[in-house]
Amino acid sequence: MATSATAQEATTPAAPISPRVSVSGGIVEGRAAPDRTVFRGIPFAAPPIAANRWREPQPVVEWTGIRATTARAPACLQNDYGWNRADHVFASEDCLTLDVATPALTGKRPVIVWIHGGSNRAGSAGDMALSSIGKRGVVVVAIQYRLGIFGFLPHRALAGEAGGNSGNYGLMDQIAALRWVRDNIAKFGGDPDNVTIAGESAGSQDVSLLLASPLARGLFARAAMESGTPGFGLPWRPLKEAFRIGDQLDVLLGTRGSASLRTASPAALLAADLKLHDAKLTADDYLYLRTTIDGAVLPDTPERLFVTAPRRPVILGSNVLELDLPGGRPARDGFVDLSFGANAEGARTWYRLDEADPLPHPRLGTRDQQIATDATFRCPAGALANLLATRNWPVWRYEFDMARDGGAGQTTHAAEIDYIFNDRRVGPVSMQDYWVAFATTGDPNGDGRPAWARSARGKPANILFDARGATPREGDIRPEICRLQGSL
């Protein structure tokens, strides 16, 4: 017997309705997956182009109709440094977007906002919103911000337009994204009063600067920092000194005033960015990691701003081995001078730099790798942990020592990301369990895993994540050398 058309229609399942949310600017349409709903490339500010180049982010431009947010958005403009080639190829100056992944559009869940690394000159939100931590009952937001010369250029003419302040436009973008989260995340099943900002490397440094900045107060409840602190152990860059970087740009491009800067081609600006130099640094790949006290996002140095900053729970730490000495072996003496200042001779004695280099340590690496890791990551992390704990902030510090592939090799910079956000196991332990608990309650501890002691005034503590699992430890890490670097 033939089936009627009406009967066929009755038995044909209806096509799934794509999820839609009304946000600042208009309606966005995402994609429903079996374990989460994903929106990609939602604008949180106006395109930072033409007149908006090197200005604080402007309100998002409203659109009509339904905006599809199902495909990965372009990264912010950046030069090709090799490791970031995919982001370099798929990039745009119009890049102030974010991704949201949520278990459901209803409810009131903890929110994790990810700020990517890349020396503040490269990288993107990538696929972080799709990481497995999003299956753990949290809403994941991954944001993008202006990079390199577009995001962190200090310039006299630009300062003349902005009350004498110039520089940290990328940090302003991050603050604008957090305001978007505050205003919109409830519509994605997130709790705007339970937001954790998290980042790695430059993203971690930026998280620490947002902790200090008066402009970011009230926008998040806690912070998790992986391998990055204010300035990375480098001396602060006063604005008067920072303007010299902008002066170099004017010489390279023949520009005079902000109008000619804003009409310069992106290609010319990217090419010039490769030639900009900070005379105090031993390698200019750290150009945008040395913190500029811009007068706007950072009206004072971070350690002074922390005096009045509201106390918030913090996780911070670093890897046992991070990376090589910036500038390589020829830059060793200059790097030690820069990092240890008045105590540089004491550091040379401690590292025995007048002796031949020893064989590499199986976990800590070569002598130069130890210097770079101590001065740029380990000691600044300890200084920040102790500073905040002394002011009664809830602080949990960690050290990580697992190879990127889970094998017996040495760890490297950024190796911990996959263990935390995609739950690669650390021996019998899940680092992700600690991070989810922290994002949920403000305390990483919970049943079924080793206790992670909080650092207290005069009683530093930390936990080591390695092949054995999680090992609680007391005291500072490598205190003999870290005392020589001093405070932030």
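C95 is buried, at 2% relative accessibility. Keep in mind that this is a predicted model. Its partner comes next. C76 is buried too, with a relative accessible area of 1%. Both values count as buried because the cut-off is under 20% relative accessible area.

What do C76 and C95 form? They form a disulfide, with the sulfur atoms 2.0 Å apart. A quick reminder: a disulfide is a covalent bond between the sulfur atoms of two cysteines. Now the handedness. The torsion about the S-S bond of C76 and C95 is about 90°, so this disulfide is right-handed. Where do the two ends sit in the chain? C76 is in strand β6, residues 75-76. C95 is in the loop between β7 and β8. They are 19 residues apart, and the pair links distant parts of the chain.

How many disulfides are there? The count is 2. The other one joins C379 to C482, with an S to S distance of 2.1 Å. C379 lies in helix α13 and C482 in helix α16, 103 residues apart. This link is left-handed, with -75° about the S-S bond. Buried or exposed? C379 is buried, at 4% relative accessible area. C482 counts as buried as well, at 14%. Number the bonded cysteines in sequence order, and the pairing reads 1-2, 3-4.

Helices α13 and α16 come up again, at helix α11. What covers the buried residues of α11? The cover includes α12, α13 and α16. Helix α11 spans residues 332-340, and its buried residues are R332, F335, V336, L338, S339 and F340. An α-helix has 3.6 residues a turn, so residues three or four places apart point the same way. Look just after α11, and you find G341 with a positive phi of about 55°.

For one partner pair, take M225: its bridge partner in β15 is L316.

Technical notes
Residues numbered from 1 in each chain as written. Predicted model: local features only at pLDDT ≥ 70, side-chain atom pairs only at ≥ 80, totals over all residues. Heavy atoms only, no water. Pairing = 2+ DSSP bridges. Helix = DSSP H or I, 4+ residues; strand = E, 2+ residues; numbered from the N terminus. Buried < 20%, exposed > 50% of the residue type's maximum accessible area, 1.4 Å probe, protein only. Contact = heavy atoms within 4.5 Å. Disulfide = S-S within 2.5 Å.
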